[in-house]
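User: Please examine the structure shown below and answer some questions about how it is built.

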Amino acid sequence: MAAPGLRLGAERLFAMPGVLELLSRSNSTSQAFAEVLRLPKQQLRKLLYPLQEVERFLAPDRRQDLHLRIFDPSPEDIARADNVFTATKGNRIDYVSSAIRIDHAPDLPRPEVCFIGRSNVGKSSLIKALFSLAPEVEVRVSKKPGHTKKMNFFKVGKHFTVVDMPGYGYRAPEDFVDMVETYLKERRNLKRTFLLVDSVVGIQKTDNIAIEMCEEFALPYVIILTKIDKSSKGHLLKQVLQIQKFVNTKTQGCFPQLFPVSSVTFSGIHLLRSFIASVTGNLD
């Protein structure tokens with residue numbers, strides 16, 4: 001366990017001198033994450049809390065437009081989540097199998113989360129980044145849209161299962177709607193659906209396919225903004241505000257806080273790991 005008194009929200013933690021250094025020395029913090037915690041504070045904030053980094057460029061009267069701290073784990077919580085995603089002898093992280101129909105899907109009783117999005121939105125790249133602490137796991141990534149044709153299942157120890165869904169839109173499988181709709185409707189252990197949106201282009205008409213499915217089936221889902229390393233600060237801020245307004249006014253089941261990420265710089269990846277660990281009951 002970490003030292004007493006270290007379970008702090010991000011804002012209080014960054015304001016307290018020496019706390020990050022104490023946490024980096026904690027026995028519950030992996031060596032890799034300890035190195036992360038030693039980064040300069042501005043770089044650390046950008047890596048761990050990218051949405052709060054965006055807030056810095058908002059006028060004070062616009063900051064209430066963003067839901068920044070509904071999920072605001074401390075670095076201690078993020079370190080615990082990183083441990084869940086770290087492959088060890090006692091915590092095996094493996095590809096399980098693929099399926100094109102729900103009745104072919106593996107029977108895995110553990111909690112499940114799935115990732116869905118438009119072809120070439122960066123879905124497989126994101127999952128590979130999430131699994132970077134388990135480099136033996138093979139997540140196939142292609143520059144060609146529509147590479148993923150099946151539902152791919154990965155187990156994270158005894159904690160939960162991650163499902164990489166086929167992309168919709170360009171070069172989507174012919175039976176995409178039947179495959180994905182049936183999965184979303186019938187998979188009883190599905191705890192959260194993560195909908196990926198390209199931060200460069202924003203929500204597209206094809207994204208409404210997934211949004212309408214989640215809303216129709218009353219599924220809890222989350223919007224992840226990918227490829228934030230490819231957007232200028234001004235463009236990213238504009239997209240964040242537009243998508244936040246869409247979530248606030250056009251959705252019922254979407255988690256109000258957005259999750260910006262980059263699979264290249266790893267910005268937001270630690271926070272997303274923490275959120276997945278939380279919704280699957282592994283940060284309780």
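The questions and answers that follow concern a predicted model.

User: In the open sheet of seven strands, which strands stand at the edges?

Analyst: The strands of this sheet follow the order β1-β3-β4-β2-β5-β6-β7, with mixed pairing. A strand with a single partner has one side left without a neighbour in the sheet, so it stands at an edge. This applies to β1 (93–99) and β7 (259–260).

User: Which residue of β7 is the bridge partner of Ile-224?

Analyst: Strand β6 covers residues 221–226, and two bridges join β6 to β7, the two strands running parallel. The bridge partner of Ile-224 in β7 is Phe-259.

User: Is α7 roughly parallel or roughly perpendicular to α11?

Analyst: Two packed helices are described by the angle between their axes and the distance between the axes. For α7 (residues 123–130) and α11, the angle is about 80 degrees and the axes are 10 Å apart. Since angles of 65 to 115 degrees count as roughly perpendicular, α7 is to α11 roughly perpendicular.

User: How many residues of the contact of α7 with α11 are charged?

Analyst: Helix α7 contributes Leu-126, Ala-129 and Leu-130, while α11 contributes Ile-269, Leu-272, Arg-273 and Ile-276. Arg counts as charged. The contact divides into six nonpolar residues, no polar ones, and charged residues numbering one.

User: Is Asp-82 buried or exposed?

Analyst: Asp-82 is found in helix α6 (residues 75–84). Beyond its neighbours within four places in sequence, Asp-82 is in contact with Phe-33, Leu-133, His-270 and Arg-273. Because its relative accessible area is 2% and the cut-off is under 20%, Asp-82 counts as buried.

User: How far apart in space are Ala-32 and Ala-79, C-alpha to C-alpha?

Analyst: Ala-32 lies in helix α3 (residues 31–37) and counts as partly exposed, at 47% relative accessibility. In sequence, Ala-32 and Ala-79 are 47 residues apart. In space, their C-alpha separation is 9.6 Å.

Key: Residues are numbered from 1 along each chain as its sequence is written. This is a predicted model: local features need pLDDT of at least 70, side-chain atom pairs count only at pLDDT 80 or more; totals for chains, interfaces and linings use all residues. Side-chain values use heavy atoms; hydrogens and water are left out. Helices (H or I, at least four residues) and strands (E, at least two) are DSSP runs, numbered from the N terminus. Buried means under 20% relative accessible area, exposed over 50%, partly exposed in between (1.4 Å probe, protein chains only). Contact means heavy atoms within 4.5 Å. Two strands pair if DSSP finds at least two bridges between them. Axes are lines fitted to C-alpha atoms, for helices over the stretch in contact, and angles run from 0 to 180 degrees between N-to-C directions. Angles under 35 degrees count as roughly parallel, over 145 as roughly antiparallel, 65 to 115 as roughly perpendicular and the rest as oblique.
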